[in-house]
Amino acid sequence: MKKSLSELLQVIEHTRVSADGRTADTMQTNPEITSLVFDSRDVKADTLFFALPGTHTTGNKFIPSALKAGAAAVVFQDEFDEATKNAIHEVLTERKESVPFIKVADARFVMAPLSAAFYDNPSKKLVVIGVTGTEGKSSTVAFIWQLLRLCGKKAGFISTVQYSLGGEAIANPQHQTTPEAPIIQHHLHEMLAAGCDYAVVEASSHGLSPKLNRTGCIDFDCGVFMNVTLEHLEFHKTFEQYRDDKANLFRTLDQCDHVKIIGGKKMTVPAFGIVNLEDPSASYFIKATKKPVLGFTTEGKAGKSAGETSAEAKPLPPIPDGIPYLLARNIASARFGLNFSLTEPNVVDEHAKPVQTPVIHIKSSLPGAFNAYNIMAALLAVSRLTGTDLSALAPLVEKLTPIKGRMTVIDKGQPFELIVDYAHTPSSFETIFPPLRRRCSGRMIALFGSGGERDTEKRPLQGQVAARFCDVIILTDEDPRGEDSVALLKQIAHGAEKAGKVMDKDLFITPERPKAIRQAFAMAKKDDIVLLLGKAHENSIIYKDHVMPYDEISEAEKALAEMGCN
């Protein structure tokens, strides 16, 4: 791609300033921009560099490095300190050329419109599906993408675990769910260049927040809401703000005209939302858009806790009047598969009279009853967007494959069952533990931690929930980041102790994750289930002063091999 700077700047309000901070009324140079970069280490000639504010530092300090590497222009916010101003002056003196500096109120926010303009607004030429929720996003994105391809549609996707730019899925090397705007717009552009008509985007609360604006200037046609529970309060501060930021996905549906150029033809794409009707916030998301909204529910069956009776179960929120929805019943979940039946209870004809729809049987090789939610959301999205009947899509579900680290079973002949999953919140524990507890004839041993410099309120809750269902808990590093690892794990342990666990008896703190895995395996006996939680697909463990390459599945297989299991 190649754009002149003046062409890009037409999409934002801006002030041009010289390197020493003096306002300039005219831009002395109008360089051609060939790349957008927000990390000074990636800068090359003809780059537009975004100096972003950070948690521990400011991107302004990296402007001299970016200029040395050949940055053609700089977008920044806030004033320069004297050291930065002098360093910039020194580099520009060496370069003997003028470099435009664009001062804005929020450098991160303007990355979205500038990136969209640079890549010719690719979302206006793609049918774009966004999926948000505390849990289930990555799997639902993957299932929508797979179903589209099984229907013969050319599609790409972006998720925490993997992404596809039109070809086969490849691993996402980042820990970031929704990439920064230049990356996501680049990926959408590449999907378009590869001939895609559809793009599926995992839309995190961070990505949807106007603070970061990563999904800004993306024309979403379908918004999918899976759930919202306690998470990321270190960023959003309150649950209400967290939910509100997620709901921006549905608000966006009203802001786009949904007239797209698909396959060279202008067409109007049906815009709609999809909600999990079992979540208490479903009505909040329904009210966030004027577009039609579809729902799905298992009437609480897929998420029912072990030992609950119908009288003890939390009451489900009422289904809003007039919402068409899918209902899953007769859910049968086993170690290597999931079966259920689907009906559409709220279908009416043109005279508003109820219509009896056929029962659709779903057979899947996906483990875990919770996957019923992910499958139903995917079926609704693909059916409505492609005009394909649910009965025609149902046989394709059997071909869906799980993503790495989502209830991944490792079987090397060891006497115990071993499962790797990404679950790392109290609510995700509430989802995966109960069905495993019901079928476990031995002990459940859970190994997990919690992310450093992230929501601290969830930590004791993690310990409490795990203590209710698991016989043994081993607390270990997830991504401590700048926090003291042991102190962090003790916060989780406090919740587990409150629920009855005793330190060094059925509760252990072993920070080194490879060591903790071997500790768990040494304890496990026949009929036990060992759960390795929280890392799943990720490729590193982040510490304060270094990043350790790490792969949970490979480490587990290595530990099993040391035991003679391979």
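Trainee: At what angle do α15 and helix α16 pack?

Mentor: In this predicted model, helices (H or I, at least four residues) are DSSP runs, numbered from the N terminus. Axes are lines fitted to C-alpha atoms, for helices over the stretch in contact, and angles run from 0 to 180 degrees between N-to-C directions. The axes of α15 and α16 (residues 485-498) lie 6 Å apart, and the angle is about 45°.

Trainee: Why is α15 called oblique to α16?

Mentor: Angles under 35 degrees count as roughly parallel, over 145 as roughly antiparallel, 65 to 115 as roughly perpendicular and the rest as oblique. α15 and α16 pack at about 45°. That angle therefore makes α15 oblique to α16.

Trainee: How do the residues of the contact of α15 with α16 divide?

Mentor: Contact means heavy atoms within 4.5 Å. Residues making this contact include P460 and A467 of α15, and L488 and I492 of α16. Ala, Val, Leu, Ile, Met, Phe, Trp, Tyr, Cys and Pro count as nonpolar, Asp, Glu, Lys and Arg as charged, and the others, Gly among them, as polar. The residues of the contact divide into five nonpolar, five polar and two charged.

Trainee: How is α14 oriented relative to α15?

Mentor: Helix α14 (residues 426-439) and helix α15 (residues 458-469) have axes 10 Å apart, at an angle of about 5°. The contact involves, among others, F429 and F433 of α14 and L461 and V465 of α15; its residues divide into eight nonpolar, one polar and four charged. The angle makes α14 roughly parallel to α15.

Trainee: Which residues of α18 make the contact with α17?

Mentor: The axes of helix α17 (residues 513-523) and helix α18 (residues 552-562) come within 10 Å and cross at roughly 50°, which makes α17 oblique to α18. From α17, the contact is made by R513, P514, I517, R518 and F521. The residues of this contact divide into six nonpolar, no polar and six charged. From α18, the contact is made by E552, E555, A556, K558, A559, L560 and E562.

Trainee: Which residues line the largest cavity?

Mentor: About 40 Å³ of space lies in the largest cavity. By class, its lining has six nonpolar, two polar and one charged residues. The lining consists of S139, F143, P367, F370, N371, P402, I403, R406 and M407.

Trainee: Which conventions apply to the model?

Mentor: Residues are numbered from 1 along each chain as its sequence is written, and side-chain values use heavy atoms, with hydrogens and water left out. In this predicted model, local features need pLDDT of at least 70, side-chain atom pairs count only at pLDDT 80 or more, and totals for chains, interfaces and linings use all residues.

Conventions:
Helix = DSSP H or I, 4+ residues; strand = E, 2+ residues; numbered from the N terminus. 1 Å grid on protein atoms, 1.4 Å probe; cavity = no way out; pocket = protein on both sides within 12 Å on 5 of 7 lines; lining within 4 Å. Points joined across faces, edges and corners; volume = space filled by probe spheres on them.
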